[in-house]
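Hello,

I am passing a structure on to you, and my notes on it follow below. Could you look through them when you have a moment?

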Amino acid sequence: GFDEGGIFWSEDLGSNDQDVERGIAERIPIKVIEKQLAEFIRTYHRDGSFIYRDLLVNNTNMGEYKIEVKLEDLRRYDTSLPDKIKSSPSEWLAAFENAATEVHKQTR
């Protein structure tokens, strides 16, 4: 459908500090953010290991419903993500939780 594929948006060159303070959720639909984060969890790898997907599976198998994500890994995946998360952490935390839940459902 029309909502499949990559994540695209453009910054408003006329934005000001108030726009930044409102957070990322007002500029990018939450479902788009969740899709990007789910893709990160599912596909981010280093040295042949899918770090966060494997961690999610291992943790949930042990009854621990959490993963710790390193900002440096997010930066390697998409250089803009850590700054966006820092600008509106509550929106991004909820999006991460939904993304992890979705990846967990897909990996069972």
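I will start with the pockets. The lining of the largest pocket is made up of 12 nonpolar, three polar and two charged residues (nonpolar being Ala, Val, Leu, Ile, Met, Phe, Trp, Tyr, Cys and Pro, charged being Asp, Glu, Lys and Arg, and polar the others, Gly among them). Please keep in mind that this is a predicted model, where local features need pLDDT of at least 70 and side-chain atom pairs pLDDT 80 or more, while totals for chains, interfaces and linings use all residues. Numbering runs from 1 along each chain as its sequence is written, and side-chain values use heavy atoms, without hydrogens and water.

The overall fold

The protein chain has six helices and zero strands (DSSP runs numbered from the N terminus, H or I of at least four residues for helices, E of at least two for strands). Read from the N terminus, its elements follow the order α-α-α-α-α-α. Of the 108 residues in the protein chain, 29% are buried (under 20% relative accessible area; exposed is over 50% and partly exposed in between, with a 1.4 Å probe and protein chains only).

The largest pocket has a volume of about 390 Å³, and among the 17 residues lining it, Ile 67, Leu 93, Phe 96, Glu 97 and Ala 100 are the closest to its centre. A pocket here is an open set of points on a 1 Å grid over the protein atoms alone, where a 1.4 Å probe fits and protein lies on both sides within 12 Å along at least five of seven lines; lining residues have an atom within 4 Å of a point. Points are joined across faces, edges and corners, and the volume is the space filled by probe spheres set on them.

Which helices build that lining? Helix 3 (51–61), helix 4 (71–77) and helix 6 (89–107) each contribute at least two residues. Helix 6 gives the most to the lining of the largest pocket, namely eight residues.

The second largest pocket holds about 190 Å³ of space. Its lining consists of Lys 31, Glu 34, Lys 35, Ala 38, Arg 42, Asn 98, Ala 99, Glu 102 and Gln 106. Helix 2 (30–43) and helix 6 are the elements that give two or more residues to this lining, and helix 2 gives the most, with five. By class, the lining of the second largest pocket has two nonpolar, two polar and five charged residues.

Asn 98, one of the lining residues of the second largest pocket, sits in helix 6 and counts as partly exposed because its relative accessibility is 40%. Between Asn 98 and Lys 31 there are 67 residues of sequence separation, yet their C-alpha atoms are 9.3 Å apart in space.

Salt bridges

The structure has six salt bridges (a side-chain nitrogen of Lys or Arg within 4 Å of a carboxyl oxygen of Asp or Glu). One of them pairs Glu 34 with Lys 31, at 3.3 Å from N to O. Both residues are in helix 2, three residues apart, or about one turn of the helix. Glu 34 counts as buried because its relative accessibility is 10%, whereas Lys 31, at 61%, counts as exposed.

Another salt bridge joins Arg 46 and Asp 73, with their closest N and O atoms 2.8 Å apart. This pair ties together distant parts of the chain, as Arg 46 is in the loop between helix 2 and helix 3 and Asp 73 is in helix 4, 27 residues apart. Arg 46 is partly exposed at 33% relative accessible area, while Asp 73 is buried at 1%.

Asp 73 also forms a salt bridge with Arg 76, again with 2.8 Å between the closest N and O atoms. These two lie three residues apart in helix 4, so about one helical turn separates them. Arg 76 is exposed, with 51% relative accessible area. Together, Arg 46, Glu 72, Asp 73 and Arg 76 form a network of salt bridges.

A buried aspartate

Asp 78 is in the loop between helix 4 and helix 5 (81–87). What is the nearest side chain of opposite charge to Asp 78? That is Lys 84, 5.0 Å away, and the buried Asp 78 has no salt bridge (Lys and Arg count as positive, Asp and Glu as negative, with His and the chain ends not counted). The side chain of Asp 78 does make a polar contact of 2.9 Å with the side chain of Gln 36, and a polar contact of 2.7 Å joins it to the side chain of Ser 80. A polar contact is a pair of N or O atoms within 3.5 Å; within protein, one must be able to donate a hydrogen and the other to accept it, and residues adjacent in sequence count only if both atoms are side-chain atoms.

Best wishes
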